[in-house]
Amino acid sequence: QSRFETMKASLMKKAGGHVRIEIYLFEKEFEMAYREVADSKYMYSETLMNQVATAVAGIHDDWSLAIYAKIVKRFIEQGQRETYAIAARYAKKIKALYLKAGRNEEWESYSERLREENKRRPALLDEFKSL
């Protein structure tokens, strides 16, 4: 192993998750970036999660779907109209991925489940009308 590779490995171990993910994305190590976001109990920023989801879209759509679903859930749980609007924006990305892949029934199932689980949140349902 080269000195650079040894140094890089050491730095990656010491780097915080955000930094590691940025490096993975820069080096196009999309699987590592996805794993960091998906497996972590820590909720990374919306921006960083969106960057990973965007990077893996078209390569691994299911990874993008999982990340976007995590973002949607996070913003729904915050329970405010402003956060519901953000959740709806990411739900639209989920819809686009499903429909692009011809997986319309999966979109309908996901959408129905979200509406059913949140039927007591009228502001959320209002935000989701346009889906």
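Modeller: One term before we start: a residue is buried under 20% relative accessible area, exposed over 50%, and partly exposed in between. Arg-103, with a relative accessible area of 22%, is therefore partly exposed. Keep in mind that this is a predicted model.
Biologist: Good to know. Who does Arg-103 pair with?
Modeller: Its side chain meets that of Asp-62 in a salt bridge, 2.9 Å from N to O. Asp-62 sits in helix α5 (residues 61-77), so the pair ties together parts that are 41 residues apart in sequence.
Biologist: Which residue forms a salt bridge with Glu-46?
Modeller: That's Arg-89, with the closest N and O atoms 2.8 Å apart. Arg-89 lies in helix α6 (residues 81-100) and Glu-46 in helix α4 (residues 46-56), so this pair bridges 43 residues of sequence. Arg-89 is partly exposed, at a relative accessible area of 43%.
Biologist: Switching to rings: how many aromatic pairs does the structure hold?
Modeller: Three. One of them is Tyr-34 with Trp-63, a stacked pair at 4.6 Å centre to centre and 5° between the planes.
Biologist: Where in the chain are those two?
Modeller: Tyr-34 is in helix α3 and Trp-63 in helix α5, 29 residues apart, so the pair links distant parts of the chain.
Biologist: Buried or exposed, then?
Modeller: Tyr-34 counts as buried at 15% relative accessibility, and Trp-63 counts as buried at 17%.
Biologist: What about Trp-107 and Tyr-110?
Modeller: Those two form a tilted pair, 6.0 Å centre to centre with 40° between the planes. Both lie in helix α7, three residues apart, which is about one turn of the helix. Trp-107 is buried at 3% relative accessibility, and Tyr-110 is buried too, with a relative accessible area of 9%.
Biologist: Great, thanks!

Key
Residues are numbered from 1 along each chain as its sequence is written. This is a predicted model: local features need pLDDT of at least 70, side-chain atom pairs count only at pLDDT 80 or more; totals for chains, interfaces and linings use all residues. Side-chain values use heavy atoms; hydrogens and water are left out. A salt bridge is a side-chain nitrogen of Lys or Arg within 4 Å of a carboxyl oxygen of Asp or Glu. Helices (H or I, at least four residues) and strands (E, at least two) are DSSP runs, numbered from the N terminus. Buried means under 20% relative accessible area, exposed over 50%, partly exposed in between (1.4 Å probe, protein chains only). Rings of Phe, Tyr and Trp (its six-membered ring) pair if their centres lie within 6.5 Å; planes under 30 degrees apart count as stacked, over 60 as edge-to-face and the rest as tilted.
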